[in-house]
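Hi everyone, thanks for coming along. Let's look at one structure together, beginning with the ligand site.

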Amino acid sequence: MTQKTALITGASVGIGEATARHLHALGFSLILVARRKEKLDKLNSELGGKHAVYECDVNDKGAILTLLEGLTCDVDVLLNNAGLALGLDSADKSNWDHWETMINTNCLALAYLTRQLLPKMVARNRGHIINLGSIAGTYAYKGGNVYGATKAFVEQFSLGLLADLMGTAIKVTNLEPGLIGGTEFSNVRYEGDDDKASSMYTNCQPLTANDIAQTIGWLVTQPEHVNVNRMEIMPVCQAPAGVSVYKEGS
Ligand code: 8X3
């Protein structure tokens, strides 16, 4: 089998890092992209120092173009992992800058990188785009407002790509995890309030970044004719528990 290359955004921590480790173990060549170069360098050196490392904010369109122009190999797997949730305030009290940051990173940056890379995948008739969606894109919960809306965008964008790419060999998957512990996700969401962040995971067993990495490893090793359109994964302790009713005085 010829060696495949995966480009991973947000590769320095969490799901990105765990997936880098897993795809490395599966024999992939990696293009590791994140803002924190020292973390990428450390990861790369732990993986034998043979992968490409790019310090790049996915929101910086110029940096993305420079990165893509500098690539010396084709990208077989694009893992659009970089993204974040900021705040859990209700919509009337949310911080507007948080909303802009989530829309910019989760939607615009993901779409931009995909748009820039896609013509090469189409020209080669080869590639797999895996977008990190979320259960928040399907199920509304209190304080999820714009974060959930950005992930709904990612889901619909993924399905739209599939529609456009029908007739090519290119695959697109929207991967939609639920509660994941042991990553920076909650600390970022709670703006560094570690107590609040860790309270999300008390008395329950959340998913781990490694669970998602293993899933991605499975996705990218399916036969050529198999595409997983959407995949929703929750820990056993979590469920889409339905619509709620507000009762006055409660
Ligand atoms: C976030 C999923 O369950 O933590 O993408 O809100 S959850």
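How far does a polar side-chain atom of Ser134 lie from an oxygen atom of the ligand? The distance is 2.6 Å, a polar contact if we take that to be a pair of N or O atoms within 3.5 Å, where within protein one must be able to donate a hydrogen and the other to accept it, and residues adjacent in sequence count only if both atoms are side-chain atoms. Tyr141 also places a polar side-chain atom 2.6 Å from a ligand oxygen, and for an N or O atom in the side chain of Tyr147 the figure is 2.6 Å. On its own the ligand exposes 250 Å², of which the protein buries 91% (Shrake-Rupley areas, 1.4 Å probe).

A word on the source: this is a predicted model, with local features needing pLDDT of at least 70 and side-chain atom pairs pLDDT 80 or more, while totals for chains, interfaces and linings use all residues. Residues are numbered from 1 along each chain as its sequence is written, and side-chain values use heavy atoms, leaving out hydrogens and water.

Who else surrounds the ligand? Among the surrounding residues are Ile135, Pro177, Leu179, Phe185, Arg189 and Gln238 (near means a heavy atom within 4 Å). The shell splits into 6 nonpolar, 3 polar and 1 charged, with Tyr and Pro counted as nonpolar and Gly as polar.
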